[in-house]
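Biologist: I have a chain open in the viewer and want to learn how to read it. Can we go through it feature by feature?

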Amino acid sequence: ADVEVSLGTAPGRPNPGQDRAAPFSSQGLAFDGRVKPELVAPGVGLATTDPDAGFVSVNGSSAAAAVAAGAAALLAQARPGLDAPALKSLLVGYAHPIEDPVTAAGAGALDVGAAAAAEVAVEPASLALGAWTGKTWHVTKTLTLRNVSTRWLRISVVARPDGGESELLAIRSRPDQVVLRPGASKQVALTVGLAALPSGRLATGSIELDYGGAQPLRIPWAIDYRPYAGPLIAAARLTAKRLKPSDAAPVRLELDAGAVVRAGGEVEVQPVSRLDVQLYRADGTGLGLLARLRDLLPGRYTFGLTGRDPAGRVLPPGDYRLRLVAWPTLPGKPSVRVLPFAVQ
């Protein structure tokens with residue numbers, strides 16, 4: 001027999017997290033100070049297929065990345081004459097602004113419709129302005145503006161700082177206005193200066209390219225006022241202080257590089273841009289570089305010491321030193337550790 005069930009009217013409840021970056025989404029700057037993420041895409045409660053259940057919902061940045069990849073494919077189909085940097089610029093530059101800060105959402109939420117109708121592309125899509133180092137600090141970046149429309153465009157370059165520190169910032173574009181025919185491009189020099197150290201930890205904002213279209217193209221940027229200045233080598237040890245040269249049974253060098261710190265109520269990952277393992281004699285004579293790694297996330301790293309010098313020659317018996325140097329990703333002093341050992 002047919003059965004009917006009445007469930008009544010579903011009650012509504014406000015969702016304060018709607019149109020905001022998810023709490024589990026990573027925030028902050030990339031290794032070189034660029035804004036990351038450069039834009040955000042839906043990544044909560046996405047419906048997808050499942051071989052067992054048929055349909056399920058998924059959460060996570062991996063799901064949001066798949067949405068962004070699909071949007072990029074649609075945009076490439078809609079605008080087949082554009083190359084990869086231009087497609088990226090349209091996706092980032094025409095994202096829909098949301099309430100989250102630049103460090104959490106970049107330029108904003110993915111809007112493939114606005115990107116498909118865009119008329120201007122720019123390279124790079126986001127700016128790495130680095131860290132403030134003093135009253136005379138300034139940095140100049142080059143923007144390449146490109147007319148991807150079928151009409152002549154007069155493009156104005158306008159700086160839009162966020163927050164209350166705009167009176168301390170000096171942002172100048174040379175030129176501040178360009179005229180481009182269809183398909184043409186032109187470079188603009190953008191100089192940013194900061195006269196004093198503000199109270200916050202970051203300055204953020206966007207550079208807008210306004211040309212009288214439906215919406216301007218936005219280029220997100222950030223400046224770090226107080227880069228991390230703590231140790232980047234938390235622990236380092238040799239499993240033996242005396243070693244015999246051996247390719248089969250090396251002595252291990254174990255070290256903890258990078259840091260995870262809490263600043264301003266947020267947990268921050270402090271990576272290492274470059275780690276050098278240098279070899280010296282006990283009298284300070286340098287013998288060369290044993291190993292070099294770049295772009296390290298915080299973690300434990302292990303190296304094998306076979307008793308050979310950087311050229312592969314067996315070290316003669318004597319006293320030596322390992323000098324470990326970990327460089328920060330933004331301007332600052334490196335962390336240095338020295339470990340003595342002896343070759344028998």
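This is a predicted model: local features need pLDDT of at least 70, side-chain atom pairs count only at pLDDT 80 or more; totals for chains, interfaces and linings use all residues.

**Reading the chain**

Modeller: Start with one residue. At 32% relative accessibility, Arg308 counts as partly exposed. Its salt-bridge partner is Asp247, with the closest N and O atoms 3.0 Å apart.

Biologist: Where do Arg308 and Asp247 sit in the chain?

Modeller: They come from distant parts, 61 residues apart. Arg308 is in the loop between strand 19 (299–305) and strand 20. Asp247 is in the loop between strand 13 (242–243) and strand 14 (251–257). Asp247 is exposed, with a relative accessible area of 53%.

Biologist: Where is confidence lowest, and where is it highest?

Modeller: Strand 16 (residues 266–270) is lowest, with a mean of 81. Strand 20 (residues 318–327) is highest, at 97.

Biologist: Back to charges. How many salt bridges does a search of the whole structure find?

Modeller: Side chains of opposite charge can pair when their charged atoms come close. Here the search of the whole structure finds 14 salt bridges. One of them joins Glu38 and Lys88, at 3.4 Å from N to O. This pair also links distant parts of the chain, 50 residues apart. Glu38 lies in the segment before strand 1 (46–50), and Lys88 lies in helix 2.

Biologist: Is Glu38 buried or exposed?

Modeller: Glu38 is buried, because its relative accessible area is 8% and the limit for buried is under 20%. Lys88 is partly exposed, at 38%.

Biologist: Which residue forms a salt bridge with Asp276?

Modeller: Arg292 does, and the closest N and O atoms are 2.8 Å apart. Asp276 is in strand 17 (residues 272–281) and Arg292 is in strand 18 (residues 286–296). They are 16 residues apart. Asp276 is buried, with a relative accessible area of 2%. Arg292 is partly exposed, at 40%. Bridges can also share partners: Arg20, Glu99 and Asp100 are joined into one network that way.

Biologist: What about a charged residue without a partner? Which side chain of opposite charge is nearest to Arg79?

Modeller: Glu119 is the nearest, but it is 7.9 Å away. A salt bridge needs nitrogen and oxygen within 4 Å. Arg79 is therefore buried yet without a salt bridge.

Biologist: Where is Arg79 found, and what does Arg79 touch?

Modeller: Arg79 is in the loop between helix 1 (61–78) and helix 2 (84–93). A polar atom of its side chain lies 2.9 Å from the backbone oxygen of Ala118. Leaving out residues up to four places away in sequence, Arg79 touches Leu87, Leu90, Ala115, Ala116, Ala117, Ala118 and Val148.

Biologist: Now rings. How many aromatic pairs does a search of the whole structure find?

Modeller: A pair of aromatic rings is described by the distance of the centres and the angle of the planes. The search of the whole structure finds one pair. Tyr320 and Phe341 are stacked, 5.8 Å centre to centre, with 25° between the planes. Tyr320 is in strand 20 and Phe341 is in strand 21 (residues 335–343), 21 residues apart. Tyr320 and Phe341 are buried.

Biologist: Last topic: the backbone. Which peptide bond next to Pro37 is cis?

Modeller: Most residues other than glycine have a negative phi, and most peptide bonds are trans. The bond from Lys36 to Pro37 is cis, with omega near 0°. Pro37 is in the segment before strand 1. The bond from Glu123 to Pro124 is also cis, with omega near 5°. Pro124 is in the loop between strand 3 (120–123) and strand 4 (127–131).

Biologist: What is phi of Asp19, and what is phi of Asp295?

Modeller: Phi of Asp19 is near 60°, a positive value in a residue other than glycine. Asp19 lies in the segment before strand 1 and is exposed, with a relative accessible area of 61%. Phi of Asp295 is near 55°, again positive. Asp295 is in strand 18 and is partly exposed, at 46%.

Conventions:
Residues are numbered from 1 along each chain as its sequence is written. Side-chain values use heavy atoms; hydrogens and water are left out. Helices (H or I, at least four residues) and strands (E, at least two) are DSSP runs, numbered from the N terminus. Buried means under 20% relative accessible area, exposed over 50%, partly exposed in between (1.4 Å probe, protein chains only). Lys and Arg count as positive and Asp and Glu as negative; His and the chain ends are not counted. A polar contact is a pair of N or O atoms within 3.5 Å; within protein, one must be able to donate a hydrogen and the other to accept it, and residues adjacent in sequence count only if both atoms are side-chain atoms. Contact means heavy atoms within 4.5 Å. pLDDT is the predictor's confidence in each residue, from 0 to 100. Rings of Phe, Tyr and Trp (its six-membered ring) pair if their centres lie within 6.5 Å; planes under 30 degrees apart count as stacked, over 60 as edge-to-face and the rest as tilted.
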